[in-house]
Amino acid sequence: MVGLDHTPKRSQDEATDAKVLIHQRGQIKRRVTLINNILEEAKEDPTKVTQPQLKVFARKFDVHYQEYSAVHGEILKSIPSSKLDEQDEMLTAFDVLHTEAMNRIEKLSKARSQPVVPADSTGTQQFIMRQQPLRTPIPSFDGRVETRSKFQTMFEDNVAKGNDSDAMKLHHLDKALVGDASGWITAKMTSM
């Protein structure tokens, strides 16, 4: 059947269908682009996106990829063969966008799973030390020469021969120093 403009009716319907499908495909790409933009912004500050949000984004990307592929297949059925290469370029561009977005999700997920160690004002990292319980209490040392030998023996038995790190041993020593001896160990020494 011929329409009023002498164009076969079926061809007009196919062109309209293709336009609608191309529009649908564009909407899917827009949704992926919006999420990708959020992920790009979170690259500078991974705390802007939560781990649950990253999981939702990954699921959405899978759904959007399936939708895009399905609509793309329908577009290919409704366009002339001379336009297939142009449409395949659109699919390739979407594949690149999708892959970039999935890579961003992966990197942000890894960044969120690693503990963030804040830097202090001097640019050195601060470390949180967990104190292991000691077998026996450490005696205190006030700096007097006559009590040094006894303190040293007890300290070595309780702390120095233990499995704690050197920084933790210094921490224990610092806590044992009282009176005139307190303050001999500086924060810089314990962070070395």
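The largest nonpolar core of this predicted model has 21 residues, and L39, L54, F57, F61 and I105 touch the most other members. Helices α1 (9–42), α2 (51–78) and α3 (84–113) are the elements that each give two or more residues to this core. Apart from it lies another core, of eight residues, which include F155, L177, A181 and I185. In soluble globular proteins, nonpolar side chains tend to be buried together.

**Core residue L54**

- Beyond its neighbours within four places in sequence, L54 is in contact with L39, V49, I105, L108, S109 and R112.
- Two of these partners, L39 and I105, are themselves listed with L54 among the residues that touch the most other core members.

**Helix pair α4 and α5**

- Helix α4 spans residues 145–160 and helix α5 spans residues 166–176; the two pack at an angle of about 140°, with their axes 11 Å apart.
- The crossing of α4 past α5 is right-handed.
- On the α4 side the contact is made by F151, F155, V159 and A160, and on the α5 side by K169, H172, L173 and A176.
- By residue class, this contact of α4 with α5 consists of six nonpolar residues, one polar and one charged.

**Salt bridges**

- The whole structure contains six salt bridges.
- One of them joins the side chains of E40 and K43, at 3.2 Å from N to O.
- E40 is partly exposed because its relative accessibility is 30%, and K43 is likewise partly exposed, with a relative accessible area of 49%.
- E40 and K43 also belong to a network of salt bridges that includes R104.
- Another salt bridge links the side chains of E74 and K77, with 3.3 Å from N to O.
- Both E74 and K77 lie in helix α2, where they are three residues apart, about one turn of the helix.
- E74 has a relative accessible area of 38% and so is partly exposed, whereas K77, at 65% relative accessibility, counts as exposed.
- D142 and R144 form a further salt bridge, in which the closest N and O atoms are 2.9 Å apart.
- R144 is partly exposed, with a relative accessible area of 44%, and D142 is also partly exposed, at 27% relative accessibility.

**Buried histidine H72**

- H72 is a residue of helix α2.
- The relative accessibility of H72 is 4%, under the 20% limit, so H72 counts as buried.
- Not counting residues up to four places away in sequence, H72 touches R25, Q87, D88 and L91.

**Loop residue K48**

- K48 sits in the loop between α1 and α2.
- At 54% relative accessibility, over the 50% limit, K48 counts as exposed.
- Leaving out neighbours within four places in sequence, the contacts of K48 are E41, A42 and Q53.
- The C-alpha atoms of K48 and I38 are 8.8 Å apart in space, and the two residues are ten apart in sequence.

Notes: Residues numbered from 1 in each chain as written. Predicted model: local features only at pLDDT ≥ 70, side-chain atom pairs only at ≥ 80, totals over all residues. Heavy atoms only, no water. Core = buried A, V, L, I, M, F, W, Y, C linked by side-chain atoms within 4.5 Å. Buried < 20%, exposed > 50% of the residue type's maximum accessible area, 1.4 Å probe, protein only. Helix = DSSP H or I, 4+ residues; strand = E, 2+ residues; numbered from the N terminus. Contact = heavy atoms within 4.5 Å. Salt bridge = Lys/Arg side-chain N within 4 Å of Asp/Glu carboxyl O. Axes fitted to C-alpha atoms, helices over the stretch in contact; angles between N-to-C directions. Left-handed = near helix turned anticlockwise from the far one by under 90°. Nonpolar A, V, L, I, M, F, W, Y, C, P; charged D, E, K, R; others polar.
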